[in-house]
Number of protein chains: 4
Amino acid sequence: MSSRMGKNITVSIFGGSHTEAIGMTLDGVPAGFKIDFDKLSAFMERRAPGRDAAATSRREPDAPKFLCGVLDGVTTGAPITAVIENTNVRSGDYGNLRELPRPSHADYTAFVKYGGHNDIRGGGHFSGRLTAPLCIAGGIALQLLEARGITVGAHLFRVAGIPDTPYDMAALTADTLCAAKDKPFPVLSDEAGEQMHDAILAAKADCDSVGGIVECGATGLPTGLGNPMFDGMENRLAAALFGIPAVKGVEFGSGFGAAELRGSTHNDPFYMDGTVVRTRTNNSGGIQGGITNGMPLVLRVAFKPTPSIAKEQDTVSLVKGENAKLVITGRHDPCVVVRAVPVVEAVTALCLLDAMKEDNKI
Amino acid sequence: MSSRMGKNITVSIFGGSHTEAIGMTLDGVPAGFKIDFDKLSAFMERRAPGRDAAATSRREPDAPKFLCGVLDGVTTGAPITAVIENTNVRSGDYGNLRELPRPSHADYTAFVKYGGHNDIRGGGHFSGRLTAPLCIAGGIALQLLEARGITVGAHLFRVAGIPDTPYDMAALTADTLCAAKDKPFPVLSDEAGEQMHDAILAAKADCDSVGGIVECGATGLPTGLGNPMFDGMENRLAAALFGIPAVKGVEFGSGFGAAELRGSTHNDPFYMDGTVVRTRTNNSGGIQGGITNGMPLVLRVAFKPTPSIAKEQDTVSLVKGENAKLVITGRHDPCVVVRAVPVVEAVTALCLLDAMKEDNKI
Amino acid sequence: MSSRMGKNITVSIFGGSHTEAIGMTLDGVPAGFKIDFDKLSAFMERRAPGRDAAATSRREPDAPKFLCGVLDGVTTGAPITAVIENTNVRSGDYGNLRELPRPSHADYTAFVKYGGHNDIRGGGHFSGRLTAPLCIAGGIALQLLEARGITVGAHLFRVAGIPDTPYDMAALTADTLCAAKDKPFPVLSDEAGEQMHDAILAAKADCDSVGGIVECGATGLPTGLGNPMFDGMENRLAAALFGIPAVKGVEFGSGFGAAELRGSTHNDPFYMDGTVVRTRTNNSGGIQGGITNGMPLVLRVAFKPTPSIAKEQDTVSLVKGENAKLVITGRHDPCVVVRAVPVVEAVTALCLLDAMKEDNKI
Amino acid sequence: MSSRMGKNITVSIFGGSHTEAIGMTLDGVPAGFKIDFDKLSAFMERRAPGRDAAATSRREPDAPKFLCGVLDGVTTGAPITAVIENTNVRSGDYGNLRELPRPSHADYTAFVKYGGHNDIRGGGHFSGRLTAPLCIAGGIALQLLEARGITVGAHLFRVAGIPDTPYDMAALTADTLCAAKDKPFPVLSDEAGEQMHDAILAAKADCDSVGGIVECGATGLPTGLGNPMFDGMENRLAAALFGIPAVKGVEFGSGFGAAELRGSTHNDPFYMDGTVVRTRTNNSGGIQGGITNGMPLVLRVAFKPTPSIAKEQDTVSLVKGENAKLVITGRHDPCVVVRAVPVVEAVTALCLLDAMKEDNKI
């Protein structure tokens, strides 16, 4: 239950970093949709590790194998299950983690929750590797949305204190949303990207890591998606986005910056754009009262720095009940935020698709 | 469905700003718990409007009437329903809002969603007034948690750019959590509170409003609450907290600030405190991998400035399909954040209680 | 959570037999629907007690008071809450039931579940009286379905071993479904009804009670409602129908009789009726693989005899832990099945409406 | 969503009769449980096809391959996914079913629901073959229950009009529940079993099929499982049991027979059995008010005769829109009820385990 998101279109994630396979079941997508598997591979490639020196050296093809739900490339209406085999695992790297929990990882809480029976190898079910099957589902969702004129995109809003050009929230276009997708470093400003890249490599050289913020948007959304109170688009998006490992905060539109403003500045005045109601600013981020208003959706997701760092750290021995030192080996990203960009797109797309289905817009 | 939160202990909210009554059904709380109704009234009083010049002048007793689920002051195990009659309504104040949607309110999206049949009076089901029944449920949850040694508290972290003393996340105590509860202005630093108060009155004098941030914490939590991926404590808390009107962002522990840090600074080193595993810092905010780790829970919720301001604003006529001007009359808070402090406590307490029940800790 | 049904359109029931009020919250019905309150009253009157000598002498108006969700008689899209005050209660009648649980009632299991804190008066939340608010919701659902050409009706299929004329499943019409609705005794064959009535009075004279079976049908349903496996129409209807007190069995179409037949007799052959696909027989009861096939829906619900009988019965003292005798006083129906007919209609209508919404048919 | 059951312990089923694999994800089982894989295989073998002449000749090993959630044979607390590869498929057998829907199958409703994109091969996701992964989950549930002293068993209550010895509901023992488990024909009375077997072969010889009823019971259950109204044990069990293909009815305890009885006969009198409260009869089937009362659970499930028969049948051409004849080839059970016995056990065990978890009894 815990590893499932969605109401009408659900995604269930299974597997662990070093289990035989990881995978997902996507239920509720319309029958008769032809999946573009090349496009899906290209999307998943954006999340895949090992693309450049700024990422983990673990290199896997991450090619999903579809077990059911798709016939001749077309969805049948039945649940779609796809798996990725875990071929390139070095379980030996994680030998001492059962005793010595990694700071700011789930090793300790999983130990408590599961009475020490949790699969510690690579973080088990808590591993960032689980975002791979999430991207299978999200990649399909992106295609379904695109077929209805909806574009979802994201970029590195900020890494290691270095800002990218932010989205112009009221004037966001599909072109801007796609601008970063083909770049190895998903930014709008290549200059900012270079600085971020340097900062990541500098942290790596220091056996350290950096955090960052992903900004995500969507255009072409119908008005009226979402519901009041606890079932609004923010509620649903936030609940899903916090499912991505390392996320510490989620905000919409003006977000935390709203706290600094006065109502007269923050309010989004309505105007008629021909026969369409629009707002001049978009501090609402496209959502009012939990319901989409037809303006671009804009949200931001804060990621902490990768907790797996090569520096020696203080921890405790769960066996001896005493303080201990830990040196983490294995391969780790000095900045997960880069690879998290398509994951944020995936989760956002899945939430939007789910809300679309509820209102029979797909 | 949209107006319900919780998995094992659910709260369902009903009513609108000007309907005959508003209320809530709370289902799943243990049988045999004696509710302290005086304490509940005192808690609800903290949210009630009309306490000082910095809030709306609408003044209502907001006394809940319990219809069922409680016998001789003790919970029976059956669903608890309580209602608050809406006695002090001036529906005439809202006459023109069906035509002229208020900027950054849900008037327009509700119009679209419900085909113009939505109850526009006072914002209907989207009104902040719905936080009153939420506080009935939350007030009971707070008492249930307190009986198990868990304290939930909150304060005004920041209003109109003015910061209060932040929580010391690693050393947060129940005393600190309760420090702001009896104050008309819920802050740790009274000096900061005075400045905030002045800023709110200044905005009011300008026919304007201000936003702010509420910081909320909990101590005494058991380890092991919550689940991986999409059912972690952050997911559940965020999903619920975005149900409070005007919320634009939610963060845990280091939150958005995490994006600026390196892993070596951000990671929370473990140490043994006697036989208890603790962390020296608490950037995790008490949650790792979605699961509580025994450290204090800390979260922050950003509120936008009240959208209902007395200044003339640009809007559109939904009848004529043309640009229009709007002057909002009626009684409105220049800063909803002050009264939102107990609401954040209420929602947090309900989420924690729900997770406690799941693990049979209540 | 336990007292709620539905996925997209949900009904939440609250209250107990002798609490201040009972009620329901209905969420998810379309905005803009004008409720016919006279028709709703007439529907609720069919369930109301005290109509003739064959029912309980407790007589209440059961007039629902709508608190919210309806404005000028029209649904607003927000949750609809209505309550019925419990005015005619004689709590003294139930004085000894806390010690002496009534056989085949929930007194004992509620005692265990809620540690003795359950509201024993009139059975508390387990009372058949809770079907009154269920009929408020169901009565609205029936009107919504009727507006889309769907008729739901039911009759006493069998009482005390006496059969009514069964529905002709393949040829069921809206007229037949409505034929029993205006009768004080809801049967197709008035002769059978008289015999049932006599049997009920005979049982009453013996301080005893009788059981029976309700048959319910629906015409005008679109094809395609429901889903495979655990979310089919049978699953959803059965889950809801077992929520009516005293139900012991639910079957669809041929039901338990299917076990006696061979496939060649049981299978429903398809044929073209003009351009419409129909089946010559309807042993499927209008559902195949969990999904409606356009034929009339037919189901049957078995009710046990009222457990509250005036005869002395064996029970135990929960206080003394020894065998005891019980004589139940108070007012009780010798046959709840008669009044259960509209309740079965209500629950069926709510399930159908819920499935309609899922497929955007309302 | 449609192919998932359970609240706290969920089972999600995926795959189709002829897809690459079928499988299940089981989430929520306790960590640290050692699965007995031999026992699991033996359980699944009871459901497996091809055991004797009275069943389909399709013969598959049905050996589940565990992808995750189990480490060294012990559950880790993470979701457990297992798959069964579909190796022995003859898809050509189903060539004409897209045009000619089989009577009393889901071919037609799936065609409507999924716009003709459904996987028709072997019934796709509607195939009885999906009960194989259900038995993986159920087999694990049975082991978990057994470790807590709870036994679940079932037998052929009635096949082709031939009755087996019924359970003595008030005196049901674990031994009786297990008595039929090792028999190729799961009955209590071997004489009845032989007659059933002959009747099945006779139907097969006539190119026909027969239906039947499975009776299932459980002993050792704690009191207090389940909840009032819509979340009682009957609601949950019925909702799940109707997920087994070909089920037409579900009843508990006295079931439909209750309709024939008077209250004085039907009521289950309480008595003290030492310090334990028990009932002398068990028409309640172990459940009162939705909540277990400590007596044996007893339920019955009616199955229709296998709709796939070799006799020529009337159908329609969905391509030509005209009446047509159909001769079904392929391998089909003349009586699915025999193999359904362990499936009913599996589903019942999963529901009980789910309710146990809710009350922290596992």
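The numbered points below comment on a predicted model, beginning with the fold of one chain and moving to individual side chains.

1. Overall form of chain A. Chain A is built from eight helices and 18 strands. Its radius of gyration is 21 Å, close to the 21 Å that the globule rule gives for 362 residues, so chain A is as compact as a globular protein of that length. The C-alpha trace of chain A extends over about 70 × 50 × 35 Å along its principal axes.

2. Burial and contacts in chain A. Of the 362 residues in this chain, 66% count as buried. When contacts in chain A with a separation of 6 or more are considered, 73% of them come from residues 24 or more positions apart.

3. Helix H3 of chain C. H3(C) has 16 residues, which at 1.5 Å a residue should span 22 Å; the end C-alpha atoms of the helix are 21 Å apart, and this agrees with the expectation. The helix is mostly covered, with 15 of its 16 residues buried. C:Glu146 belongs to this helix, which runs over residues 131-146 of chain C. With a relative accessible area of 46%, C:Glu146 is partly exposed, because that value falls between the 20% limit for buried and the 50% limit for exposed.

4. Partners of C:Glu146. The side chain of C:Glu146 meets that of C:Lys39 in a salt bridge, at 2.8 Å from N to O. This pair links distant parts of the chain, 107 residues apart: C:Lys39 is in helix H1 (residues 37-47) of chain C and C:Glu146 is in helix H3 of chain C. C:Lys39 counts as partly exposed, at 38% relative accessibility.

5. The corresponding residue numbers in chain B. A salt bridge also joins B:Glu146 to B:Lys39, where the closest N and O atoms are 2.8 Å apart. Here B:Glu146 sits in helix H3 (residues 131-146) of chain B and B:Lys39 in helix H1 (residues 37-47) of chain B, so that distant parts of the chain, 107 residues apart, are linked. B:Glu146 is partly exposed at 46% relative accessibility, and B:Lys39 is partly exposed with a relative accessible area of 38%.

6. Other salt bridges. The count over all chains comes to 92 salt bridges. Among them is the pair B:Arg121 and B:Asp119, whose side chains meet at 2.8 Å, N to O. B:Asp119 is buried, with a relative accessible area of 9%.

7. Aromatic pairs. Over all chains the count comes to 14 aromatic pairs. One of them consists of D:Phe37 and D:Phe66: the ring centres are 5.3 Å apart and the planes stand at 75°, so the pair is edge-to-face. D:Phe37 lies in helix H1 (residues 37-47) of chain D, whereas D:Phe66 lies in strand E4 (residues 65-68) of chain D, so the pair ties together parts that are 29 residues apart in sequence. D:Phe37 is partly exposed, with a relative accessible area of 31%, while D:Phe66 is buried, with a relative accessible area of 15%.

8. Arginine over aromatic rings. B:Arg280 lies over the face of B:Tyr271, at 4.2 Å from the ring centre. In chain D, D:Arg300 lies over the face of D:Phe157, at 5.3 Å from the ring centre.

9. Backbone angles to inspect. Most residues other than glycine have a negative phi. Against this background, A:Ala246 has a positive phi, near 80°, although the residue is not glycine. A:Ala246 is found in the loop between helix H6 (233-241) and strand E11 (247-252) of chain A. C:Asn360 likewise has a positive phi, of about 60°, and is not a glycine. C:Asn360 is found in the segment after helix H8 (337-358) of chain C. At 37% relative accessibility, C:Asn360 counts as partly exposed.

Technical notes:
Residues are numbered from 1 along each chain as its sequence is written. Chains are lettered from A and ligands numbered from 1 in the order in which they are written. Side-chain values use heavy atoms; hydrogens and water are left out. Helices (H or I, at least four residues) and strands (E, at least two) are DSSP runs, numbered from the N terminus. Buried means under 20% relative accessible area, exposed over 50%, partly exposed in between (1.4 Å probe, protein chains only). Rings of Phe, Tyr and Trp (its six-membered ring) pair if their centres lie within 6.5 Å; planes under 30 degrees apart count as stacked, over 60 as edge-to-face and the rest as tilted. A charge sits over a ring if NZ of Lys or CZ of Arg is within 6 Å of the ring centre and within 35 degrees of the ring normal. The expected span of a helix is 1.5 Å times one less than its number of residues. A salt bridge is a side-chain nitrogen of Lys or Arg within 4 Å of a carboxyl oxygen of Asp or Glu. The radius of gyration is taken over C-alpha atoms; the globule rule is 2.2 Å times the number of residues to the power 0.38. Contact means heavy atoms within 4.5 Å.
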